[in-house]
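Here is a brief report on one protein chain. Please have the sequence and the model open side by side.

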Amino acid sequence: RVLLGGGRFHSSDYAGAVRAWQSVILRYPNHPLRHRAAYNLVERDSMPAPPHPELKDALHPSVVERGVVVPNPEVRMKNLRLVRDNPSYFQLGFDLPWVCVPAGTFVMGGSPAIQYREVPTRQVTLTKPILMSAWPVTRRLWQLFQPDRYSIDEVRDLAGELPATKLTWCEGQAFCRFLSKRCGRIFRMPTEAEWEYAARGGIKGSSHPWGDETPDETRCNYLNPRIVPVACFPANGYGVFDMVGNTLEWASDYYLEDSYARTTGDVVDPQGPSLGEFLAGAADRYVWRVARGGGWMGTEMSKIGCRNSYR
């Protein structure tokens, strides 16, 4: 019934898809796939984000027990030397390099669109340059903010270079305030438009940060069955690493599937829906904020998320 709903959805029989998924919820309330069916009714062409309730307390091996994998150590060392020696990268405090993303105009949205929430495309102008961290916040850096988040072993050596994960949007906001207080500068999450503009790396109309070539194991982490340390893959044209694959990344905007349709086709410095628009327009409250960058699932389906326009 779950698969039948998916088949009906992709053949444009939306009402039939809803009936199939609802039947799972009504007829099999204790079945593990009930969670999958319920998620499909909210995000009908995406993958489930939260774990099944029955698995929430399951024990998982730590990153240290699994071992930290670097796909190509030579590439990572080259990237780290680049960040150290290239004057385009600089420090604002702590061990986190930053790079300037210039102001500019781009077409935001599906290129091409795979999911309906990526359309309609619109021309977006960002009037000011922004400073973007060159890679995601690592566990070692997060430990300065929340010393009890990870064990000592999980922030030592290469384990400390893994992206900080399993963080809520509110925790991300609190981390920005922590950096702001410690460094005397204003740190914040990027807007959804700023994130996509930075991800595109100056390549207009491209599907991925590196261009239109299909994702593979040399470009991003989508097929490896675990997360990998930051800067394991080449930077994009703006010098930013790891914009797709490896981990999802929070943006500041409230999430609505039709966010783009709520503005004109030519918009300046968009901030996303207001709280009022979100509360009035969201069919439910399952998704509150925008997440970008795909992530990894260890399957070919992960390629869908390794696109600039995936949201």
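What share of the 311 residues in the protein chain is buried? Buried residues make up 47%, where buried means under 20% relative accessible area with a 1.4 Å probe, protein chains only.

## Basis

This is a predicted model; local features need pLDDT of at least 70, side-chain atom pairs count only at pLDDT 80 or more, and totals for chains, interfaces and linings use all residues. Residues are numbered from 1 along each chain as its sequence is written, and side-chain values use heavy atoms, with hydrogens and water left out.

## Overall fold

The protein chain holds nine helices and eight strands. These are DSSP runs: helices (H or I) of at least four residues, strands (E) of at least two. The C-alpha trace spans about 60 × 50 × 40 Å along its principal axes.

Contact means heavy atoms within 4.5 Å. Among contacts between residues at least 6 apart in sequence, 67% join residues at least 24 apart.

## Nonpolar cores

A nonpolar core is a set of buried Ala, Val, Leu, Ile, Met, Phe, Trp, Tyr and Cys residues joined through side-chain atoms within 4.5 Å. The largest has 47 residues. Val101, Val124, Trp135, Trp142, Phe175, Val240 and Phe241 touch the most other members. Helix H7 gives this core its largest share, six residues.

Phe175 touches Val137, Leu141, Trp142 and Phe145, leaving aside residues up to four places away in sequence. Another core lies apart, with seven residues, including Phe9, Ala17, Trp21 and Ala37.

Technical notes:
Buried means under 20% relative accessible area, exposed over 50%, partly exposed in between (1.4 Å probe, protein chains only).
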